[in-house]
Amino acid sequence: MKRKDNTLTKMEFQIMSILWDINHSACAWDILDRMDEPKPAYTTVSTFLKILLNKGFVDYRKLSGKTHTYYPLRSREAYTGQVMKDVKDAFFGGSGSSMVKFFAQNEKLSEKEIM
């Protein structure tokens, strides 16, 4: 059963980033191979893929035996847009200009960098 949860944990985001970067479906072993050391256990990756499936971020195709290949249902751009909108609404009262001003000041960006 899929549940509505629009946020990703650090590990979920790492797995999604791998799927977005390789731009094709992948099994848990493929994802694990692309993870940095220290690598989590295979079962950990499998568990997180099931969580992502339940959250509606991925779907899968069943291959032979127990092998599943997973692919993203949401693009990186769509997820980033949703997260940034949530930040804008929660921290800046929905004001895009306030959000940009905050980041420009805190990152000490020059006027040239802002444009």
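Author: Angles of 65 to 115 degrees between axes count as roughly perpendicular. The model discussed here is predicted.

Reader: Which residues of H5 meet H4?
Author: H4 brings Met-84, Val-87, Lys-88 and Phe-92 to this meeting.

Reader: Is Phe-102 buried, partly exposed or exposed?
Author: Phe-102 sits in helix H5 (residues 96–106). With Met-84 and Phe-103, Phe-102 forms a nonpolar patch on the surface, about 250 Å² of accessible area together. The relative accessibility of Phe-102 is 37%. Buried needs under 20% and exposed over 50%, so Phe-102 counts as partly exposed.

Reader: How is H1 oriented to H3?
Author: The axes of helix H1 (residues 10–22) and helix H3 (residues 42–55) come within 10 Å and cross at roughly 90°. That makes H1 roughly perpendicular to H3.

Reader: Which residues of H1 make the contact with H3?
Author: On the H3 side, the contact includes Val-45, Phe-48 and Lys-55. On the H1 side are Met-11, Glu-12, Ile-15 and Met-16.

Reader: What separates the C-alpha atoms of Met-11 and Thr-44?
Author: Met-11 is in helix H1. Leaving aside residues up to four places away in sequence, Met-11 touches Met-35, Pro-40 and Phe-48. Thr-44 is 33 residues from Met-11 along the chain. Their C-alpha atoms are separated by 9.7 Å.

Reader: Lys-55 forms a salt bridge with which residue?
Author: The closest N and O atoms of this pair are 2.6 Å apart. The pair links distant parts of the chain, helix H3 and helix H1, 43 residues apart.

Reader: Where is Arg-76, the salt-bridge partner of Asp-21?
Author: The closest N and O atoms of Asp-21 and Arg-76 are 2.3 Å apart. Asp-21 lies in helix H1, 55 residues from Arg-76. Asp-21 is exposed at 57%, whereas Arg-76 is partly exposed at 27%. Arg-76 is in helix H4.

Reader: How many salt bridges does a search of the whole structure find?
Author: Lys-85 and Asp-89 also meet in a salt bridge, at 2.6 Å from N to O. Being four residues apart in helix H4, they are separated by about one helical turn. The search of the whole structure finds three.

Technical notes: Residues are numbered from 1 along each chain as its sequence is written. This is a predicted model: local features need pLDDT of at least 70, side-chain atom pairs count only at pLDDT 80 or more; totals for chains, interfaces and linings use all residues. Side-chain values use heavy atoms; hydrogens and water are left out. Patches are made of residues with over 30% relative accessible area and no salt bridge: like charges are joined within 9 Å, nonpolar side chains (Val, Leu, Ile, Met, Phe, Trp, Tyr) within 5 Å. Accessible areas come from the Shrake-Rupley method with a 1.4 Å probe; for residues, only the protein chains shown count as cover. A salt bridge is a side-chain nitrogen of Lys or Arg within 4 Å of a carboxyl oxygen of Asp or Glu. Helices (H or I, at least four residues) and strands (E, at least two) are DSSP runs, numbered from the N terminus. Buried means under 20% relative accessible area, exposed over 50%, partly exposed in between (1.4 Å probe, protein chains only). Axes are lines fitted to C-alpha atoms, for helices over the stretch in contact, and angles run from 0 to 180 degrees between N-to-C directions. Angles under 35 degrees count as roughly parallel, over 145 as roughly antiparallel, 65 to 115 as roughly perpendicular and the rest as oblique. Contact means heavy atoms within 4.5 Å.
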